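Some notes on the fold follow, beginning with the sheet and ending with the cores. Please read them alongside the coordinates.

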Amino acid sequence: MKKYQVVGIGNAVVDVITQSTDSFLTEMGIEKGIMQLVETERSEELFSAMDERVQTPGGSVANTIAGIGSLGLATGFIGRVRDDELGHFYADAMTREGIDFVNAPVAGGELPTSRSMIFVSPDGERSMNTYLGISAELGPDDVDESVAAGAEVVFLEGYLFDKDKGKDAFIRTARACRAAGGKAGIAISDPFCVERHRADFVNLIENELDFVIGNEAEIRSLYQDNDLEADLARVAAACPLVVCTRSGDGVSIIHKGERTDIPVNKIVPVDATGAGDQFAAGFLFGLVSGHDMATCGAMGNVCAAEVISHVGPRPEADMPALFAEHGLL
């Protein structure tokens with residue numbers, strides 16, 4: 001038996017949340033209701049201005065790994081944080097959740113620990129200011145091949161694909177896992193990232209991976225046929241397992257040429273943050289546990305429905321009990 005059932009590699013971002021007034025947003029020059037990237041000096045200014053802040057470990061694949069851990073699997077996470085206050089907070093918080101945070105905080109790291117500063121207005125709008133920081137500098141030297149080889153599945157975060165060393169880290173992780181008999185897959189993460197690196201993304205999927213998870217826009221961005229069915233067919237021809245989430249229209253899975261469509265019960269979200277991350281958690285739990293594709297998809301849907309029923313990107317319910325309630329365990 002391997003040490004890990006699932007290991008993720010991705011951005012290690014601290015979500016820093018505080019309540020704010022609209023006048024404060026105006027005073028600080030924060031555009032309400034959107035996510036914008038900020039540089040080091042601006043991030044320090046905003047962080048210092050946050051009163052009564054709440055901090056949680058975040059990042060797309062990190063959220064997925066946390067969800068998988070809540071279902072009882074052995075998990076690890078490959079990320080990069082600095083040896084600073086937020087870096088130690090992140091590493092310690094992941095460890096408390098039972099996740100092996102593989103890399104120690106980097107002493108004298110080139111940039112501060114990544115953080116997303118989220119200002120919540122009285123009307124519930126979230127204004128996000130994300131500083132990519134040291135997390136975006138993750139490269140192949142941060143990948144311990146024994147960790148990847150010790151995983152049944154490794155899951156890669158597409159957001160890290162913007163830098164060559166991020167691509168190299170992905171390939172090193174995937175190859176080490178697959179050479180030891182495991183499976184490697186990716187969360188596409190963002191259609192705009194695909195647009196910036198389409199040829200490399202397609203090459204990775206065709207030659208290095210066993211599965212791909214993405215929403216409709218992300219799947220369509222890969223081959224640009226302007227037809228979801230045509231795009232799905234092309235991705236399925238390149239990769240043994242393709243999972244396409246389609247919001248209220250359900251999930252389409254193509255596994256070794258066999259298609260499974262799973263409907264969803266449409267609900268009004270309290271907070272849609274993390275829906276895709278937790279769908280992936282449920283699906284990968286099912287995959288690693290040996291369930292059929294219909295059950296894997298249903299597990300993903302249950303996890304997504306749970307996380308959008310409350311504020312925050314990680315599960316709050318007893319997930320094994322919730323699976324049992326839905327007849328999935």
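1. The model is predicted. Its open sheet is built from nine strands with mixed pairing, in the order β6-β5-β1-β9-β10-β11-β12-β13-β14. Strands β6 (99–101) and β14 (258–262) form the edges, each pairing on one side only. On average, neighbouring strands in this sheet are turned by 15° against each other, direction ignored.

2. Helix α3 (residues 60–70) lies across β1 (4–9), β5 (75–78), β6 and β9 (151–157), and runs at about 170° to β5. Helix α9 (residues 216–223) lies across β11 (211–215) and β12 (241–245), with an angle of about 115° to β11.

3. Which residues have the most contacts inside the largest nonpolar core? They are F77, Y90, M117, F283 and F323, in a core of 58 residues. Helix α11 (residues 275–288) gives the most to this core, contributing eight residues. Another core lies apart from it and has 40 residues, including V143, V154, F161 and C193. In soluble globular proteins, nonpolar side chains tend to be buried together.

4. F323 can be checked residue by residue. Leaving out residues up to four places away in sequence, F323 touches L71, G282, F285, M299, V302, C303, L328 and L329. Of these, G282 and F285 fall within the residue range of α11, 275–288.

Conventions. Residues numbered from 1 in each chain as written. Predicted model: local features only at pLDDT ≥ 70, side-chain atom pairs only at ≥ 80, totals over all residues. Heavy atoms only, no water. Core = buried A, V, L, I, M, F, W, Y, C linked by side-chain atoms within 4.5 Å. Buried < 20%, exposed > 50% of the residue type's maximum accessible area, 1.4 Å probe, protein only. Helix = DSSP H or I, 4+ residues; strand = E, 2+ residues; numbered from the N terminus. Contact = heavy atoms within 4.5 Å. Pairing = 2+ DSSP bridges. Axes fitted to C-alpha atoms, helices over the stretch in contact; angles between N-to-C directions.
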